[in-house]
Amino acid sequence: MSGGVLHVCGARPNFMKVAPIWRALAERTHLPQTLVHTGQHYDARMSQVFFDELGLPAPDLSLGVGSGSHAEQTAKVMVALERVLERRRPALVSVVGDVNSTLAAALVAAKAQIPLAHVEAGLRSFDRGMPEEVNRVVVDRLAALLLTPSGDADENLRREGARPEQIHRVGNVMVDTLRANLAAAQARPVLRDLALAPKGYAVCTLHRPANVDDPKMLGRILRGLAAVQRALPVVFPAHPRTRKVLDGLGALLAELPGLRLCEPMGYLDFLGLTSQARLVLTDSGGLQEETTALGVPCLTLRENTERPITVALGTNVLVGRDPERIAREALAAIEGRGKRGTVPQGWDGRAGVRVAEIYAGFLRAER
Ligand code: UD1
């Protein structure tokens, strides 16, 4: 291929963002598309299930980089992708989110002098201790097209010197995927299989290195869940990173019989589960947005968020990692005093279409 759009994805939260962009480009433009999977995530439950459920085509190329330190993972993607870009010479490289694959692709595209588009640009936690924050800042600096989900993102980019014509507020592509799949997700038998009633349980996910890599910190957060799991079952699909540390916390877990650990879920089962939950407790970025789109109360177990609009307008409350605060806020939500919110503008199921129009216009102007 020469010309067209080359998408790079690699980790679980990328797949639901690429799907609506891919579809809108296929339906509305004649642009050739190439899908590259870096292989950052490779377990079937972390990757293949999303392709199957979201109607994404099989990747044209799989780089198979796998896990490693930040430098190893980023470098492996860079080396493999450089060869791909040399061969294929796309007219535009499209990246989403803030994972290491996103950063690696941005660096390679910039050096190959191929224009880069970043979807989900401008989000900032202002915490450089988070690897994703480093990735976000660098990727946005290199991108020609900055496609943002919210006004705070536009403002961050302007402050960092982006030109106004680079910034395009498209809304939230992940919400496109959520809306397109909500009915199918709620038709899944996941609640029945887990013997849960709608609004009769909470969902917890944790995978941030700052929360899960140190068993003391993870134990502290789990203690915050003690009162919650006494009030109602807490379903906890554990990321592989978290599972490794939980394996050493057996004694503590034995004291929490209402905490129901399970394997990571596919997209549809997990959306079926979260959309009918009484409450979600998480350190995920994407889930903060999904709960706001769903109107489900969310407690974010972090000190900061790169998605402040979910706090300002949505159902999200930043509660940190103090066990007493976690328990207090969770019980309030369980008693029906959870945060109510509104859905931000542009989180309307049409963000992918807006991205496709911007890509097509950009490439017409480049010719
Ligand atoms: C990555 C992203 C993070 C995102 C998260 C979603 C970066 C810096 N972080 O974090 O922003 O929120 O994905 O899941 O890119 N592992 C498996 N199987 C897999 C993938 C990973 O067992 O399919 C295990 C490996 O032990 C690996 C560890 O999980 O070392 C961490 O994986 P990695 O991709 O490095 O980071 P995540 O924590 O998943």
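**Strands, helices and a histidine**

Author: Keep in mind that this is a predicted model. Let's start with a strand pair: β8 (residues 202–205) and β11 (residues 279–282) run parallel and share four bridges.

Reader: Ok, which residue is the bridge partner of A202 in β11?
Author: That's L279.

Reader: And what's the strand order in the open sheet?
Author: Six strands, ordered β10-β9-β8-β11-β12-β13, with parallel pairing. β10 (259–262) and β13 (316–318) are at the edges with a single partner strand each, so one side of each has no neighbour in the sheet. On average, neighbouring strands here are turned by 20° against each other, ignoring direction.

Reader: Which helix lies across β11, β12 and β13?
Author: Helix α17 (residues 323–337), and it runs at about 160° to β11.

Reader: Switching to α18: how far apart are its end C-alpha atoms?
Author: They're 23 Å apart. At 1.5 Å a residue, the 16 residues of α18 (residues 351–366) should span 22 Å, so the two values agree.

Reader: Which residues in α18 are buried?
Author: Among them are A351, G352, V353, Y359 and F362.

Reader: New topic, H41. Where does H41 lie?
Author: In the loop between β2 (33–37) and α2 (48–54).

Reader: Buried or exposed?
Author: H41 counts as buried, because its relative accessibility is 17% and the cut-off for buried is under 20%.

Reader: What is H41 in contact with?
Author: Leaving aside neighbours within four places in sequence, H41 touches G10, A11, R12, M46, S47 and H239. For R12, the backbone nitrogen lies 2.9 Å from a polar atom of the H41 side chain.

Notes. Residues numbered from 1 in each chain as written. Predicted model: local features only at pLDDT ≥ 70, side-chain atom pairs only at ≥ 80, totals over all residues. Heavy atoms only, no water. Pairing = 2+ DSSP bridges. Helix = DSSP H or I, 4+ residues; strand = E, 2+ residues; numbered from the N terminus. Axes fitted to C-alpha atoms, helices over the stretch in contact; angles between N-to-C directions. Contact = heavy atoms within 4.5 Å. Expected span 1.5 Å × (residues − 1). Buried < 20%, exposed > 50% of the residue type's maximum accessible area, 1.4 Å probe, protein only. Polar contact = N/O pair within 3.5 Å; in protein donor to acceptor, adjacent residues only side chain to side chain.
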